[in-house]
Amino acid sequence: MKTRLADCLGRAARRLACLLGVIAVQAAAQPGAPGADCPPMPIAPSTADIQAAAVQARDRGALWRLTRDGRSSYLYGTIHVGRLAWAMPGPQLRAALGGTDIVALEIDPTDPQLAPRLAAPAAAPATLDAALGQRLARRLDAACLPAPARTAIAGQHPALQAITLGVLEARWEGLDAGYAQEFMLAGLARAAQRRIVSLETPESQLAALLPRDEAELRHMLEQALEQLERGQARRAIARLAAAWERGDLEELAAYERWCECAIDEADRRALARLLDERNPGLAEGIDALHRAGGRVLAAVGALHMVGPKALPELLRARGYAVERVVYR
């Protein structure tokens, strides 16, 4: 099993290197990109970089063992950006992968149907304020994206553009969405011919992400753009990444207090819809897979592991013995 997992890890890392290489080539081809006012662009790791990261891999984030009916599954808290070193599973996560036969993700990022289904609500509301549209366009320019990527993002729903720009701020901290654990886990699962299950659908995630009317959209865009313009989004994602890396659940639980993204009641309602209100469905999906006889490694965003409806607590209420795995 260790040899097979190591081989799968190598294949997954090579796919990641290829992806990052394409992005880097596209960026280099753009006139005037990137300069002093642009974030560092992703660079394809060399074979030596990948080998070193694999050898030095250590456990990060938080991992729980879920035991019921004489079988163990696992719950892992992820973050949707990372570094090359973070894209390599540490010993305890490798053991969890080796001891399970299903990898359950919020959504399988390698599903070829994912992009077109997420692109469905691309059209902007007809009455979107022109000033907000101009501010959004300026932030897209400031992201220093290759032309094809900028065009693709500009075609999204305005709320998705703002969310994507928030994630792209992580590049200033040396973090990139291409190194998210979901890509690593999905790549390993496919290479090992494991079953991958999406716990949610693109449609259900969009329902949680997208504002429900134009007034809510305006509020969301104004808040998101202000956070981008003032550097608040960058500070928040850096602090979130640091808390995730050290598995600091107390810091994660305080996210609403320090993220500078929960200014008023509307913001707090949006966060609850994005996090707490999705957790019962995620717990039900994990439970159903385990009850059906599966041994599951469920990987879900780390902010779903804290708060009034934390996934570990919801699964404990469903009869699981929930034990946090101690990293050595």
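This is a predicted model: local features need pLDDT of at least 70, side-chain atom pairs count only at pLDDT 80 or more; totals for chains, interfaces and linings use all residues.
The C-alpha atom of Met88 is separated by 8.9 Å from that of Ile50, a residue 38 positions away along the chain.

## Packing of helices H7 and H10

Two packed helices are described by the angle between their axes together with the distance between those axes. For helix H7 (residues 158–168) and helix H10 (residues 214–229), the axes come within 10 Å and cross at roughly 20°. Angles under 35 degrees count as roughly parallel, and H7 and H10 are therefore roughly parallel to each other. The crossing in which H7 passes H10 is left-handed.

On the H7 side, the contact is formed by Pro158, Ala159, Ala162, Ile163, Leu165 and Gly166, which meet Leu217, Met220, Leu221, Ala224 and Leu228 of H10. Sorted by class, this contact of H7 with H10 comprises ten nonpolar residues and one polar residue, with no charged residues.

## The chain as a whole

The protein chain contains 16 helices and six strands, and 48% of its 328 residues count as buried. Among contacts between residues at least 6 apart in sequence, 82% join residues at least 24 apart. The chain exposes about 15400 Å², of which carbon and sulfur atoms supply 55%.

Technical notes. Residues are numbered from 1 along each chain as its sequence is written. Side-chain values use heavy atoms; hydrogens and water are left out. Axes are lines fitted to C-alpha atoms, for helices over the stretch in contact, and angles run from 0 to 180 degrees between N-to-C directions. Helices (H or I, at least four residues) and strands (E, at least two) are DSSP runs, numbered from the N terminus. Angles under 35 degrees count as roughly parallel, over 145 as roughly antiparallel, 65 to 115 as roughly perpendicular and the rest as oblique. A crossing is left-handed if the near helix is turned anticlockwise from the far one by less than a right angle, and right-handed if clockwise. Contact means heavy atoms within 4.5 Å. Ala, Val, Leu, Ile, Met, Phe, Trp, Tyr, Cys and Pro count as nonpolar, Asp, Glu, Lys and Arg as charged, and the others, Gly among them, as polar. Buried means under 20% relative accessible area, exposed over 50%, partly exposed in between (1.4 Å probe, protein chains only). Accessible areas come from the Shrake-Rupley method with a 1.4 Å probe; for residues, only the protein chains shown count as cover.
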